[in-house]
Amino acid sequence: MTDKQFQWGNNKRYNDFPSLFKRRFSERIQKISIDAGFTCPNRDGTKGVGGCTYCNNNSFNPAYCSPKKTVTEQIALGIDFFNAKYKAQRYLAYFQAYSNTYGTLDHLKRIYEEALSHEKVVGLVIGTRPDCVSDALLVYLEGLAKDYYISMEYGVESLNNDALKAINRGHTYQEAEKTIIRTSGRGIHIGAHLVNGLPCDTPQMMLEHAISLSNLPIDTLKMHQLQILNHTTMAKEYEVNPEKFHLFEMEEYLDFVVDVIERINPEVSLERFINQAPKGWLIAPKWGIKNFEFVAKLDKKLVERDAWQGKFFKKIP
Ligand code: SF4
């Protein structure tokens, strides 16, 4: 913190997502994860099989969320879980597992509307790949956004097509950029996601990726360090060729995140910097740090370096 008030309305050294949320909603809002039983085009053979090489969806699915239960049942279980913990008043249905727009429009409407029909649900957060979003879906979501908070979270992951190929992503960066632009101007909140440390990406390239992405019409950026997880294709690749991976040390990553913060668009809010795979899933890197502990270290580092978001930002024409 500093005495200086930044353009995002407080003295935190970056435009943090919780503050953005507080400005948007007058009460505490909690996301409830939902697994609606989707798959991905790089799993079912449409674009490939096996999925992204680092992907293990089981590592981030909460216990209450399972495709064997209806959307309504998962919301009820999620509310029970969070009521005990936070007494949250209202909720966002977070379609998180796999690609949550990969289905017919009729099917998507049915599950989104099932979630929105719950009296305590005020919006949707939809995690998906940028190559699974039709214009018809965007028109439909634009309509919903007039009455609800609707957020699309796009897995961009890297701006380097060699890296995307190396992880069997099954889409290019150019597809991601087009989808972000197609989504903009519709009242839909746009989030983008990057992974730092993919094969074929150098730290300098990762820095440039974050800067370029922040020049697109996105509202939120989420990023995290690459984690090698058990039971993934990447785990096997890492065992055979560990030298192909740039796995950040935590101190190096802290400085990297500060470099990113100083150079990205101050209008983009930052939602996440690291991932924490559950115990037993993680092979490397083993930092042993929780998200809030990393954020505390980051705040300290920003003060040490007298850094703030957008300090060196230049709009790309
Ligand atoms: S698109 Fe997402 S859920 Fe699907 S395989 Fe890749 S990382 Fe996993």
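Reader: How many bridges join β1 to strand β2, and how do they run?

Author: Six bridges join the two, and the strands run parallel. This is a predicted model, by the way. Two strands pair if DSSP finds at least two bridges between them, so six bridges are enough to call β1 and β2 paired. In one of these pairings, Ser 33 has Tyr 94 of β2 as its bridge partner.

Reader: Why is Ser 33 called buried?

Author: Buried means under 20% relative accessible area. Ser 33, which lies in strand β1, has 8% relative accessibility, so Ser 33 counts as buried. Leaving aside neighbours within four places in sequence, Ser 33 is in contact with Pro 62, Tyr 64, Cys 65, Gln 74, Tyr 94 and Gln 96.

Reader: What makes β1 "mostly covered"?

Author: Six of its six residues are buried. Both faces are covered: Ile 29, Lys 31 and Ser 33 are buried on one side, and Gln 30, Ile 32 and Ile 34 on the other.

Reader: Why do β1 and β8 stand at the edges of the sheet?

Author: Let's start with the order of the open sheet, which is β1-β2-β3-β4-β5-β6-β8, with parallel pairing. β1 and β8 each have a single partner strand, so one side of each is left without a neighbour in the sheet. From one strand to the next, the twist averages 25°.

Reader: How do you know that β3 and β4 pair?

Author: The cut-off is again at least two bridges. Strands β3 (residues 121–128) and β4 (residues 149–157) have six bridges in the parallel sense, so they pair. One example is Leu 124, whose bridge partner in β4 is Ile 150. Helix α7 packs on the sheet, touching β4, β5 and β6, and the direction of α7 makes about 175° with that of β5.

Reader: At what angle do α7 and α9 pack, and which residues make the contact?

Author: The two helices pack at an angle of about 35°, with their axes 9 Å apart. Their crossing is right-handed. From α7 come Pro 203, Met 206, Leu 207, Ala 210 and Ile 211, and from α9 come Phe 256, Asp 259, Val 260 and Arg 263. These residues divide into seven nonpolar, no polar and two charged.

Reader: Why is Tyr 98 called partly exposed?

Author: Partly exposed covers the values between buried, under 20%, and exposed, over 50%. Tyr 98 has 25% relative accessibility, so Tyr 98 counts as partly exposed. Tyr 98 sits in the loop between β2 and α3, and its phi is near 60°, a positive value in a residue other than glycine. Tyr 98 is also one of the residues around the ligand.

Reader: What is the kind of residue in the shell around the ligand?

Author: The shell divides into five nonpolar, three polar and three charged residues. Among them are Cys 40, Asn 42 and Arg 43.

Reader: And why is Asp 306 called partly exposed?

Author: Asp 306 has a relative accessible area of 39%, so Asp 306 falls in the partly exposed range. Asp 306 lies in the segment after α10.

Methods
Residues are numbered from 1 along each chain as its sequence is written. This is a predicted model: local features need pLDDT of at least 70, side-chain atom pairs count only at pLDDT 80 or more; totals for chains, interfaces and linings use all residues. Side-chain values use heavy atoms; hydrogens and water are left out. A residue is near a molecule or strand if one of its heavy atoms lies within 4 Å of it. Ala, Val, Leu, Ile, Met, Phe, Trp, Tyr, Cys and Pro count as nonpolar, Asp, Glu, Lys and Arg as charged, and the others, Gly among them, as polar. Axes are lines fitted to C-alpha atoms, for helices over the stretch in contact, and angles run from 0 to 180 degrees between N-to-C directions. Helices (H or I, at least four residues) and strands (E, at least two) are DSSP runs, numbered from the N terminus. A crossing is left-handed if the near helix is turned anticlockwise from the far one by less than a right angle, and right-handed if clockwise. Contact means heavy atoms within 4.5 Å. Buried means under 20% relative accessible area, exposed over 50%, partly exposed in between (1.4 Å probe, protein chains only).
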